[in-house]
Every structure is written in structure tokens, then in C-alpha cells.
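Work through the exercises below with the sequence and the model in view. Each task is followed by a worked solution.

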Amino acid sequence: MMTSVDTELIRVLADPLRLRIVTLLARETLCTTHLVEETGARQTNLSNHLRVLREAGVVETEPCGRFTYYRLRPDVIDGLAGSFAELAATARATVENDTKRACP
């Protein structure tokens, strides 16, 4: 069943740039400079999106000298994927059982 946390994560990941950032971080840990190069976004805009992802628990940071590296938290993505899998299973059962509510 979808929770309020899942709903918040969906909202966070619905932004195209944030989804692009998550996709890039799934492949490797990157610093802001790398993400600017890969996305073409302005550094301030990118930093705002990274803050949203960090506050939602989707990414974590690792300081490295004067740079900050960002890493995706796969457990968060796994949790969301599990919620969608449960939703799909419920929908399959509804179709198989032809479950429908009668109209009044």
C-alpha cells in the first residue's frame, strides 16, 4: 500500500531534472561539478534540486576536500519499487477476481 512517504518520494522524483540526477547517481557517485557537466543545469539550480533529494533521503553526501560527492541510497528506491510491486499485485488480483463495486 502506498504511504505518505511514498507519495512524497514520487513527488520528489517526478521532476525531470531530479530524475536525471538520480539516474546518473545510480551509475556512480558524483560531485556537483560532474552533475553540472552531465545535466547542463546551472549550479545554483542543481544545488536546490540536490537539497530536495537529500532532505527526502534519496541521496547522501560525502565531503571530499572542497567538493561534496552525492551518492544514491538504493534502499529508498527499493522501498518505493516494493510499494509499486504491491500496488501492481493488488491490481492484478482485482482484474482476475473481476472485483467491482455495485452502483447504488
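This is a predicted model: local features need pLDDT of at least 70, side-chain atom pairs count only at pLDDT 80 or more; totals for chains, interfaces and linings use all residues.

Residues are numbered from 1 along each chain as its sequence is written, and side-chain values use heavy atoms, with hydrogens and water left out.

**Exercise 1.** Describe the make-up and the spread of the protein chain.

Step 1. The protein chain has five helices and three strands; helices (H or I, at least four residues) and strands (E, at least two) are DSSP runs, numbered from the N terminus. Their order along the sequence is α-α-β-α-α-β-β-α.

Step 2. The radius of gyration of the protein chain is 18 Å, well over the 13 Å from the globule rule for 104 residues, so the chain is more spread out than a compact globule. This radius is taken over C-alpha atoms, and the rule is 2.2 Å times the number of residues to the power 0.38.

Step 3. Along the principal axes, the C-alpha atoms fill a box of roughly 65 × 25 × 20 Å.

**Exercise 2.** State how helix 2 and helix 3 cross, and which residues meet.

Step 1. The axes of helix 2 (residues 16–27) and helix 3 (residues 32–39) come within 11 Å and cross at roughly 115°. Axes are lines fitted to C-alpha atoms, for helices over the stretch in contact, with angles from 0 to 180 degrees between N-to-C directions.

Step 2. From helix 2, Leu17, Arg20, Ile21, Leu24 and Leu25 meet Leu35, Glu38 and Thr39 of helix 3. Contact means heavy atoms within 4.5 Å.

**Exercise 3.** Work out how strand 2 and strand 3 are joined.

Step 1. Strand 2 (residues 59–64) and strand 3 (residues 67–72) run antiparallel, joined by six bridges; strands pair if DSSP finds at least two bridges between them.

Step 2. Val59 stands opposite Leu72 in strand 3.

Step 3. Two residues lie between the strands of this hairpin, and Gly65 takes a positive phi near 65°.

**Exercise 4.** Is Thr32 buried or exposed, and what is Thr32 in contact with?

Step 1. Thr32 lies in helix 3.

Step 2. Its relative accessibility is 14%, so Thr32 counts as buried (buried is under 20% relative accessible area, exposed over 50%, partly exposed in between, with a 1.4 Å probe and protein chains only).

Step 3. Neighbours within four places in sequence aside, Thr32 is in contact with Gln43, Leu46, Ser47, Leu50, Thr68 and Tyr70.
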